[in-house]
Amino acid sequence: MGQPLIDIDDIHLTLGEGDVRTDILKGVSLALDAGETVAVLGPSGSGKSSLMAVIAGLERADRGSVSLAGTQIGELGEDALARLRGRSLGIILQAFHLLPTMTALENVAVPLELAGITNARERAAAELQSVGLGHRLAHYPAQLSGGEQQRVAIARATAPRPQLLLADEPTGNLDSATGGQIIDLLFDRASQAGAGLLVITHDPAVAARASRIVRMSDGRLVADAA
Ligand SMILES: Nc1ncnc2c1ncn2[C@@H]1O[C@H](COP(=O)(O)OP(=O)(O)OP(=O)(O)O)[C@@H](O)[C@H]1O
């Protein structure tokens, strides 16, 4: 086995000033290998989203080290970090976060164009085809169902062919049948791309799909079960 895709060691994160100053992560270590799928479970407020933000380099840890695809991200400036994120990471959130003024095709193609990828529109169309939305390329987000919007978000995340997909409650805004389809799609796309997948979830059915489950409680990882 080569270098882990994610290798975090003894991460501490404190956010907020004065009365709201909160110790959120209190010494978290975790490694995830290429192609591995890991579900993060834990009660509300235990620090799951914050852990993902640190892994994505959206929050900087106060202590500890974060290595992403072999790069120590604590040593990178903002521009280098943004480039690494664009190249190595695909992020999928509960609330889809599509740009409302862009069509499905543009939502997937524009980030590819910004990353300097040639044939961005062709690649975006192919990616949307592979998530079952070849017939909705010209639709705007408001003209799509919730499940369809999440399919666009998955296509946008996978189109740059990242090594790692991060998903925070990807089925949280969907009914259970639609959520089930989205989870199948997410795991299938990750496996076809050979990408690692870290998925935060409250849903035992989602966790059951993962190769490994980790549990957070009050800012710490309390169990790591196969
Ligand atoms: N900027 C901030 N300043 C102070 N405290 C914060 C800040 N952001 C988050 N917190 C606190 O950190 C804790 C962990 O938040 P986080 O969103 O990581 O939890 P979570 O496990 O993802 O919860 P949920 O399942 O409800 O989404 C929460 O108690 C939250 O109130």
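A: First, a definition of burial. A residue counts as buried if 20 or more other C-beta atoms lie within 10 Å of its own, as exposed if 12 or fewer do, and as partly exposed in between. Also, this is a predicted model.

Q: OK, Glu 59 then. Buried, exposed or partly exposed?
A: Partly exposed, because Glu 59 has 18 other C-beta atoms within 10 Å.

Q: Where does Glu 59 lie?
A: In the loop between α1 and β4. Strand β4 covers residues 63–68.

Q: What does Glu 59 touch?
A: Leaving out residues up to four places away in sequence, Glu 59 touches Leu 13, Ser 50, Ala 53 and Val 54.

Q: And how far is Glu 59 from Pro 141?
A: Their C-alpha atoms are separated by 28 Å. Along the chain, Glu 59 and Pro 141 are 82 residues apart.

Q: Switching to the ligand. Which residues come nearest?
A: Gly 16, Ser 44, Lys 48, Ser 49 and Ser 50. There are 13 residues around the ligand.

Q: Which element gives the most to that shell?
A: α1, with three residues. Both β2 (22–32) and α1 (48–55) supply at least two residues each.

Q: Now Ser 88. Where is it found?
A: In helix α2, which runs over residues 78–88.

Q: Buried or exposed?
A: Ser 88 is buried, because 21 other C-beta atoms lie within 10 Å.

Q: Which residues does Ser 88 touch?
A: Leu 68, Ala 69, Pro 162, Gln 163 and Leu 164, not counting residues up to four places away in sequence.

Q: How far is Ser 88 from Pro 160 in space?
A: 8.3 Å, C-alpha to C-alpha. In sequence, Ser 88 and Pro 160 are 72 residues apart.

Q: Moving on to α3. Which of its residues are buried?
A: Ala 104, Leu 105, Asn 107, Val 108, Ala 109 and Leu 112. The helix itself is residues 104–114.

Q: What do those buried residues pack against?
A: Two helices: α4 (120–130) and α5 (146–158).

Q: How about Leu 114, buried or exposed?
A: Leu 114 is in helix α3 too. Leu 114 is exposed, because it has 10 other C-beta atoms within 10 Å.

Q: And how far is Leu 114 from Lys 48?
A: The C-alpha atoms are separated by 30 Å. The two residues are 66 residues apart along the chain.

Q: What follows α3?
A: Gly 116, which has a positive phi, near 75 degrees.

Q: Back to packing. At what angle do α3 and α5 pack?
A: About 20 degrees, with the axes 9 Å apart. Angles under 35 degrees count as roughly parallel, so α3 and α5 are roughly parallel to each other.

Q: Is that crossing left-handed or right-handed?
A: Right-handed, as α3 passes α5.

Q: Which residues make the contact?
A: From α3, Ala 104, Asn 107, Val 108 and Pro 111. From α5, Val 152, Ala 155 and Arg 156. By class, the contact of α3 with α5 has five nonpolar, one polar and one charged residues.

Q: What about α5 and α6, at what angle do they pack?
A: About 15 degrees, with axes 10 Å apart. Helix α6 is residues 176–193. α5 and α6 are therefore roughly parallel to each other. The crossing is right-handed.

Q: Which residues are in that contact?
A: On the α5 side, Gly 146, Gly 147, Gln 150, Arg 151, Ile 154 and Thr 158. On the α6 side, Thr 178, Gln 181, Ile 182, Leu 185, Leu 186, Arg 189 and Ala 193.

Q: How many of each class there?
A: The contact of α5 with α6 has six polar, five nonpolar and two charged residues.

Note on methods: Residues numbered from 1 in each chain as written. Predicted model: local features only at pLDDT ≥ 70, side-chain atom pairs only at ≥ 80, totals over all residues. Helix = DSSP H or I, 4+ residues; strand = E, 2+ residues; numbered from the N terminus. Contact = placed C-beta atoms within 7 Å. Near = placed C-beta within 6 Å. Axes fitted to C-alpha atoms, helices over the stretch in contact; angles between N-to-C directions. Parallel < 35°, antiparallel > 145°, perpendicular 65-115°, else oblique. Left-handed = near helix turned anticlockwise from the far one by under 90°. Nonpolar A, V, L, I, M, F, W, Y, C, P; charged D, E, K, R; others polar.
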